[in-house]
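Trainee: I would like to learn how to read a structure like this one. Can we go through it together, starting from a single residue?

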Amino acid sequence: MILDSKIPEGPLAEKWTKHKFNVKLVNPANKRKYDVIVVGTGLAGASAAASLAELGYNVKAFCFQDSPRRAHSIAAQGGINAAKNYQNDGDSVYRLFYDTVKGGDYRAREANVYRLAEVSVKIIDQCVAQGVPFAREYGGLLANRSFGGAQVSRTFYARGQTGQQLLLGAYSALSRQVANGKVKLYPRTEMMDVVTIDGKARGIITRNLITGAIESHSAHAVLLCTGGYGNVFFLSTNAMGSNVTAAWRAHKKGALMANPCFTQIHPTCIPVSGDHQSKLTLMSESLRNDGRVWVPATQETAEKLRKGQIKANDIKEEDRDYFLERKYPSFGNLVPRDVASRNAKYVCDEGRGVNETGEAVFLDFRDAIKRDGKDIISAKYGNLFDMYQQITGENPYEMPMMIYPAVHYTMGGLWVDYNLMTNVPGLYALGEANFSDHGANRLGASALMQGLADGYFVIPYTIGDYLAQNPAGKIGTDHPEFQKAEKEIKDRIQKLLSIKGQKTIDHFHKRLGKIMWDYCGMARTEEGLKKAKAMIKELKAEFWSNVNVLGDNEELNQSLEKAHRVADFIELGELMVDDALNRNESCGGHFREEYQTPEGEALRDDENFAYVAAWKYLGEGQEEELVKEPLIFENVKLTQRSYK
Amino acid sequence: MNLTLKIWRQKNNSDKGGFKDYKLGGISKDMSFLEMLDVLNEELSAKGEDPVHFDHDCREGICGMCSLYINGKPHGPQQTTTCQLHMRSFSDGETITIEPWRAKAFPVLKDLVTDRSAFDRIIQAGGYVSVNTGGVPDANEIPIPKTIADMAMDAAQCIGCGACVAACKNASAMLFTSAKVSQLALLPQGQVERKTRAEKMVAQMDAEGFGACTNTGACEAECPKGISITNIARMNREYFSAVVSSQNV
């Protein structure tokens, strides 16, 4: 199998412009004859659904939440990048492109990333026009701040709730199209399967989460905007409902899953407090603009701290180790996420962690408060400080925050070409659900940018190219493939409900999470990964013979919802381990202990691994087939990433 | 901590429903309120009993999915969302009463889960600026005074959880509706549709069966995001100026 990424010819900066001219168009009067399904209503889904409806397509939008406004994009805090160069500090489309490719440790496609940087500027214009209340300077113009992996200030923000404001903007555009009758909304509806007819995506099977009804929906194209799969780790910063089911079912219907092992572990999260923990809470990366990360210089001091004999503020300046500033003087506390996370792990492994479990480092605002005053710091981060206090019961204005890395984002996802189409014709993946733009590590404030770029400014152009080549006119749901898919889902539900085993669903999810965190988390080894694979296989067999799913299908049944998701997570977990085992190098968030520089930095192997690892499902119980898409770098020179 | 939980159980929308008591032990004060319910649900599941259904998603206080009427207050004793409420706010041996939002416009679907789609329909009635994707001016073309942008942001922080409706004796949705009307009325981008927006959103709010506002202020007191009733005053002004001067609706 050969993957065609369909990257347009020509110089990098002209590719997108040329491509937009070369793609086929659907005439305005014909657009109303095409139906498009959009699954997920986060930034990518809501922006795509609204934009396609504005163009005239008939859109059906699905989400499992009770309202499209609740998709997990809403929780993004810090900001959104755009190469506006409003600060006159040397930013440009090329610089944003370069930072993103470098930040991704040279495992992303140049052409995709350049396009992302190019359309980034239009996103900000669009959001402002919708009434998104971005932060402003006293002169009335937009304010910026800086984020990790960049030496310019290009991040636009709305206090610590940027994701919320951007999503509500997209949701308002979506709501307008619902009112216009161009979008039909299906909240509390979960996608259970993709239906393909003659190799093309022609619809989906859904479950109504209130009544349990299994339904078929047909369309000329299906867009999966279903987010990432961080919850495979059980504990992550994802929402409780975030899941891989839509992407995984598409994978089992033939769509390739690319770089699944590329997981982002975010350095600044509130540490785990006990076994009861259900999720982890992120403290925005923007805090690293003013907060300084440190641990005690010696194990002895750290031990006293853990035993409560001394307090953080008692530790003298010379007894503190600001390890990021020390190791990376030019980027300091604003090194990319993978580097910050790994270094936090190192100092904790050395026994210098600062909370009871020894798995936390300080993020200290003492100096910033001294420099700028409490009011300024509070205006910038007030809601984050409040949130921290609410969760931990400690006041970060007086005591340094304690933070530790946690699973946050998945760079891997469904393989897509330049048009965002998977290898299944008519099936697209947008936003975090695809793999395309962030390589092996995503820079802060780039997820919002990518979600909205895909939805507002890429798919409205590229979908036309496919639809124009496919006849319009109604596609019915009476095709045998729909009935077959419906039956498969009903059988699966029946199977889950009839196991009636001894263990709860969360029991399996927690065990899976622990395996993934221990062996496929921040640091990975061949030995550990092999062990994990065997453990996951065992877990899967046990799940299908001993899980207890309560209740019936024909009702609101949260146990059943969860069971479907966990079953898919287990299968995905195994593929992530396979992918991590295959990639005999370290890059970005994928750190194999066998492959590191003497200073402990990720050691890439460009000769053998400068490719996208796309995996093809071959059937139940079979090993997946690896298909490689070589990554060709014509503009950026591959170097050892240095933030020193 | 040991607790007695008095929880509203209701099989579905047509079921009458009622309270059921549960004893729960071994709760840590560091748990969030929802994690405490997770513990209960794990116990119930292990015993083969149907777990208590409740809405929740982000558990970071921003998605607005979690609700719950706790000891007679929306989102419980603190001015925060239920997911950010921690057990350190309760004492050992306490009896905690947990109910769904109670409002005609928010019918109960099961146990503590309600249907809040009425809020979506209020937004669909006009809670947007009618701009299509593309073809908009540069973001810095229209300067907006910082104080205005900040006020718009204060209103825009609403998470649409419905606590304001649950807190109101009339189950009025004025705080929710006014937050969106205010945000867009303050910003230059929202000026063009200012009048129709106020009229249409208020009309939809009434059509959904939400009650009238009597300026009691319970909504503001219980709002987890601190949305001010100043917004209601602003919406009233918008609405009255619209009805006397426009020919819409």
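Mentor: Start with Gln502(A), which touches Asn546(A) and Asn548(A), leaving aside residues up to four places away in sequence. Two residues are in contact if their C-beta atoms, placed from the backbone, lie within 7 Å. This is a predicted model, in which local features need pLDDT of at least 70, side-chain atom pairs count only at pLDDT 80 or more, and totals for chains, interfaces and linings use all residues. Residues are numbered from 1 along each chain as its sequence is written, and chains are lettered from A and ligands numbered from 1 in the order in which they are written.

Trainee: Where does Gln502(A) lie, in terms of helices?

Mentor: Helices (H or I, at least four residues) and strands (E, at least two) are DSSP runs, numbered from the N terminus. Gln502(A) sits in the loop between helix 14 (480-499) and helix 15 (505-520) of chain A. Gln502(A) and Phe543(A) are 41 residues apart in sequence and 10.0 Å apart in space, C-alpha to C-alpha.

Trainee: Is Gln502(A) buried or exposed?

Mentor: A residue is buried if 20 or more other C-beta atoms lie within 10 Å of its own, exposed if 12 or fewer, and partly exposed in between, with C-beta atoms placed from the backbone. Gln502(A) has 11 other C-beta atoms within 10 Å, so it is exposed. Asn259(A) counts as buried because it has 30 C-beta neighbours inside 10 Å. Asn259(A) is in the loop between strand 10 (257-258) and strand 11 (263-269) of chain A, and its phi is positive, near 45 degrees, in a residue other than glycine.

Trainee: Which residue of chain B has a positive phi although it is not a glycine?

Mentor: One is Asp111(B), with a phi of about 45 degrees. Asp111(B) lies in the loop between strand 6 (108-110) and strand 7 (113-114) of chain B. It has 26 other C-beta atoms within 10 Å, so Asp111(B) is buried.

Trainee: How is a bend in a helix read?

Mentor: The bend at a residue is the angle between axes fitted to the seven residues ending there and the seven starting there. Helix 12 (residues 374-392) of chain A bends by about 85 degrees at Tyr381(A). The expected span of a helix is 1.5 Å times one less than its number of residues. For the 19 residues of helix 12 of chain A a straight helix would reach 27 Å, but the end C-alpha atoms are only 20 Å apart. Its buried residues include Tyr381(A), Leu384(A) and Phe385(A), and their cover includes helix 11 (366-372) and strand 15 (401-410) of chain A. Gly393(A), with a positive phi near 80 degrees, follows helix 12 of chain A.

Trainee: Where is the kink in helix 13 of chain A?

Mentor: The kink, of about 55 degrees, is at Val458(A), shortly before Pro460(A). Of the 21 residues of helix 13 of chain A, 18 are buried.

Trainee: How many residues of chain A are in contact with chain B?

Mentor: 63 residues of chain A are in contact with 66 residues of chain B. Helix 6 of chain A gives the largest share of the chain A side, 9 residues. That side divides into 24 nonpolar, 27 polar and 12 charged residues; Ala, Val, Leu, Ile, Met, Phe, Trp, Tyr, Cys and Pro count as nonpolar, Asp, Glu, Lys and Arg as charged, and the others, Gly among them, as polar.
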